[in-house]
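Welcome! Let's walk through this structure together, one region at a time. Please have a look at the sequence and the model first.

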Amino acid sequence: MKMLRAVLLACLLAISLASNTFLDGEWESFKTAYNKLYEPQIEGFRRAIWESNIKYIERHNLEADRGLHTYRLGMNEYGDMTNTEFVSVMNGFKQNLTKSVCSQYSPPMNVDLSSLPDTVDWRNEGYVTEVKNQGQCGSCWSFSATGSLEGQNFKKTGKLVSLSEKNLMDCSKPEGNKGCEGGLMDQAFAYVIKNDGIDTEKSYPYKPKNGDCEFKREDIGATETSCKDIKLGSEDDLQAAVATVGPISKGIDASHPSFQLYRSGVYSERRCSSKNLDHGVLPVGYSKDFLREYWLVKNSWGTSLGQEGYIMMARNKDNQCGIATQASFPTM
């Protein structure tokens with residue numbers, strides 16, 4: 001063990017010594033901007049990852065300048081993490097296509113694609129709370145679920161109430177969710193139905209760690225009667241739901257460095273899977289960027305990633321990143 005520790009420290013020292021001194025100022029600015037505090041023995045290791053990500057960003061953006069990509073990358077608070085580390089910590093959507101507690105959604109009979117608006121953004125209608133930050137915890141599924149619940153509660157009551165992700169994390173374990181170790185939005189909806197309510201964010205504030213259930217009935221912020229699953233793989237049905245229902249919970253493949261470091265533009269990753277999903281997000285609208293159709297997606301990684309916490313994901317492009325593979329919403 002001592003030998004292994006010595007070898008590791010030697011490697012970290014070598015990495016530290018190999019740092020690009022021209023980036024010293026940028027490194028200090030990065031640490032200040034995101035309140036990064038490192039133990040001396042690991043700072044060189046984190047900086048080496050950060051420098052590697054800078055090179056990746058620069059290479060990608062040069063290719064974007066030549067028209068090879070429809071989106072650009074940028075540094076954010078996750079730039080000191082390897083992609084493998086990032087995915088293992090942040091992406092907690094546990095896919096399940098064989099069992100669902102929700103019934104099948106069917107678009108209204110009087111709704112077809114030609115009748116839908118070209119642009120939808122539920123933020124402008126008061127349906128969407130501020131971008132939240134799950135921290136280093138695989139609780140994305142709970143943020144996706146509360147986002148959809150918040151929208152439907154606003155639709156019903158006219159009041160935008162921030163709802164508690166921690167309530168779902170701590171109390172929906174019997175439904176199959178595992179807090180920071182991952183979960184599924186349908187299972188969160190099942191809990192809210194069974195529990196006859198979910199507490200407000202204010203009464204049950206978020207912490208990026210697992211805990212015991214502390215639900216209090218007097219602090220309920222919303223209730224739910226049922227939930228609906230959108231037809232697997234149908235972007236048409238997803239568009240109908242987003243346009244007529246509101247923000248929709250869904251899983252995507254967010255396992256790539258390009259997603260971790262996304263900054264702007266319409267995200268389209270050729271390596272994305274439409275089947276293997278690992279992250280829960282919240283489409284809150286859709287539109288076009290020039291001729292590129294996109295979904296407007298709210299994330300739960302804070303405002304440093306993307307466009308103040310939002311990402312534009314390619315729409316009607318062969319179910320890019322599984323955007324329409326597993327989507328659902330609550331009804332009230």
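Over which residues does pLDDT stay under 50 while the model has 6 contacts beyond four places in sequence? The stretch is residues 12–17. Here pLDDT is the predictor's confidence in each residue, from 0 to 100, and a contact means heavy atoms within 4.5 Å. Another stretch, residues 6–10, also has a pLDDT below 50, and beyond near neighbours in sequence the model gives residues 6–10 1 contact. Where pLDDT is low, the predicted coordinates should not be read in detail. For the protein chain as a whole, the average pLDDT is 94, and 94% of the residues score at least 70.

A word on how to read what follows. This is a predicted model, in which local features need pLDDT of at least 70 and side-chain atom pairs count only at pLDDT 80 or more, while totals for chains, interfaces and linings use all residues. Residues are numbered from 1 along each chain as its sequence is written, and side-chain values use heavy atoms, with hydrogens and water left out.

Let's go inside. In soluble globular proteins, nonpolar side chains tend to be buried together. A nonpolar core is a set of buried Ala, Val, Leu, Ile, Met, Phe, Trp, Tyr and Cys residues joined through side-chain atoms within 4.5 Å. Buried means under 20% relative accessible area, exposed over 50%, and partly exposed in between (1.4 Å probe, protein chains only). The largest nonpolar core has 60 residues, and Leu238, Ile248, Tyr267 and Met313 are the ones with the most contacts inside it. Take Leu238: leaving out residues up to four places away in sequence, Leu238 touches Ile230, Ile248, Trp295, Ile323, Ala324 and Ala327.

Next come the cysteines. The structure holds 4 disulfides, a disulfide being a pair of cysteine sulfur atoms within 2.5 Å. One of them is formed by Cys102 and Cys227, with sulfur atoms 2.0 Å apart. Its torsion about the S-S bond is -95°, and the link of Cys102 and Cys227 is left-handed. Cys102 sits in the loop between helix H4 (83–90) and strand S2 (103–104), and Cys227 in strand S6 (residues 226–229), so the pair ties together parts that are 125 residues apart in sequence. Helices (H or I, at least four residues) and strands (E, at least two) are DSSP runs, numbered from the N terminus. Cys102 counts as buried because its relative accessibility is 11%, and Cys227 is buried at 3%.

A further disulfide joins Cys137 to Cys180, again with an S to S distance of 2.0 Å. The torsion about this S-S bond is about -100°, so the disulfide of Cys137 and Cys180 is left-handed. The two cysteines are 43 residues apart: Cys137 is in the loop between strand S3 (120–121) and helix H5 (140–157), and Cys180 is in the loop between helix H6 (165–171) and helix H7 (185–195).

Is the disulfide of Cys171 and Cys213 left-handed or right-handed? The torsion about its S-S bond is about 95°, so this disulfide is right-handed. Cys171 belongs to helix H6, and Cys213 to the loop between strand S4 (198–199) and strand S5 (220–222). Cys171 is buried at 7% relative accessibility, whereas Cys213, at 43%, is partly exposed. As for Cys140, it is in no disulfide, and the nearest cysteine sulfur, that of Cys137, is 8.9 Å away. Cys140 is buried, with a relative accessible area of 0%.

Now turn to strand S7 (residues 249–252). Ser249 and Gly251 on one side and Lys250 and Ile252 on the other are all buried, leaving both faces of S7 covered. S7 pairs in the antiparallel sense with strand S12 (residues 327–331) over 2 bridges; two strands pair if DSSP finds at least two bridges between them. In S12, Ser328 is the bridge partner of Ser249. S7 also pairs with strand S9 (residues 279–289), antiparallel over 3 bridges, and there Gly280 is the bridge partner of Gly251.

Our last stop is Ser274, in the loop between strand S8 (262–267) and S9. Ser274 counts as partly exposed because its relative accessibility is 29%. The C-alpha atoms of Ser274 and Gly322 are separated by 3.6 Å, though these residues are 48 residues apart along the chain. Neighbours within four places in sequence aside, Ser274 is in contact with Asn319, Cys321, Gly322 and Thr325.
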